Structure formats: structure tokens, C-alpha cells
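Here's a quick briefing to read alongside the model. Have the viewer open as you go.

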Amino acid sequence: MKKTLFPAVLALVLIALSATACNFLDNDIPDGGVPNDVSFYTGCPLSFYFVDENGNDLVQFEDRTTWPTAFRDPAQPSVRENAVAGARTYEGKDGVVILYNNDANSLWMDPDEGLYRFQTFFWGVTPEQQFAFPVYLGESEDLLTVGYKYLTSSDNIQITGASWAVEITSVKYNGVEVFVGNEKGKVFVTKPSQGGDTTVRIGSI
């Protein structure tokens, strides 16, 4: 099944199922039901920026080792290297977009912040209400934990092309809530150049 990138901020996003899960749409789900143990991914309602303690961008276009990556499951360094090796670009409405990691990850320059912003698919497994997955930047590994509410036609909403959908209710970066109350949808992850704790805040730089 073709994957789709969702760069816009979304509060409610329809599921995008992997090829192995497509059969559930037609055969194994009762009307108004949600299947068990189906992996899915959906669009990202947030933009992530990685900076040092002085607000300088840690992502450099020319150096792919600085590109952040996110995966459904923990990934070895060789897997992360391969994820950025096959990057491609296209001209989007916000400028040049870099797609990599099988189009699950993207980067583009935010002219307002003067920083590269990063987005990734959000993964989950039905009917779990939370799913955690790793985000890598260089040698560092962080954790994104996404909360979901499952929706079906019984919730009096229109679901096109599927029998169920998910609503993102919470996103925590290293345990810090970054979705609820974040009207601008921007998350700044600060990693000090001399080491030290990663800090997370929302809003604008």
C-alpha cells in the first residue's frame, strides 16, 4: 500500500495501514469494530527542531549523519545510515522537502525559524492506547510516546475508505507532553554541545 506524507498539522488523521494489514479493512473487522494487533502509521501533527544550547541548528543538509531518524522499532546504526542513504527531494509548497527512511521521515527548512524541521510517521498497534518509538540524532536516542483514541462509524463520524480511524490525544518527547496545548505545533529539542541532559520545550524559538 502506498505511503502518504502528511506535512500539515492534524488533530484527527485517518489510518494508513501497512500492506500486511490491508486485509483487515475488508475481511476480518465487524462493522463498527477495531481489529486486534494491527500495526498502523499515521501523519505527524508536529514539527521537531534540534538545536544546541545557543539555538544553532544541529541538522546540516550537507551532512546526513546529522539528519534525525525515527523508526517503529529500535534501529542499529547501520540501519539508520541506510535510511538516509536513499533520500530524495521534491519541491513542496514550503520549499524543498527531503524524504528518507522509506518516506517515513522528512526535513525541510522553516524560513520563520531559520531551522530545519523534522517530521515522522507516528506508529501504533491496535487497540493499544499508547505506542512508543525511538528518535535518533547522531549517537543519541530519544523516545516519542503517542497516545491514541480509536474511532469508528459508531462515533458518528465519516470515515472514508476504512472502517476505523485514530485521533492523536497526546505526544510525549522523552516524557514531556508536546502536543496538548501546543497551538503552533513546534517542538524544540535542545542537545548541549558539551554533553548534558536533553531538554524539550514547545512554542517558538
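This is a predicted model: local features need pLDDT of at least 70, side-chain atom pairs count only at pLDDT 80 or more; totals for chains, interfaces and linings use all residues.

Residues are numbered from 1 along each chain as its sequence is written, and side-chain values use heavy atoms, with hydrogens and water left out.

- Six of the eight residues in strand β11 (130-137) are buried, meaning under 20% relative accessible area with a 1.4 Å probe, protein chains only; strands here are DSSP E runs of at least two residues, numbered from the N terminus.
- β11 pairs with β12 (residues 140-152) in the antiparallel sense over eight bridges, where pairing takes at least two DSSP bridges.
- Val-135 sits opposite Asp-142 of β12.
- The β11–β12 hairpin has two residues between its strands, and Gly-138 takes a positive phi near 60° there.
- β5 also pairs with β11, antiparallel over two bridges, and Thr-69 has Tyr-136 as its bridge partner.

**Asp-52**
- Asp-52 lies in the loop between β4 (47-51) and β5 (69-70).
- The side chain of Asp-52 reaches the backbone nitrogen of Asn-56 at 2.9 Å.
- Leaving out residues up to four places away in sequence, Asp-52 touches Leu-58, Thr-190 and Lys-191 (heavy atoms within 4.5 Å).

**Leu-99**
- The C-alpha atoms of Leu-99 and Ala-87 are 5.5 Å apart, though the two residues are 12 residues apart along the chain.

How values were computed
Helices (H or I, at least four residues) and strands (E, at least two) are DSSP runs, numbered from the N terminus. A polar contact is a pair of N or O atoms within 3.5 Å; within protein, one must be able to donate a hydrogen and the other to accept it, and residues adjacent in sequence count only if both atoms are side-chain atoms. Buried means under 20% relative accessible area, exposed over 50%, partly exposed in between (1.4 Å probe, protein chains only).
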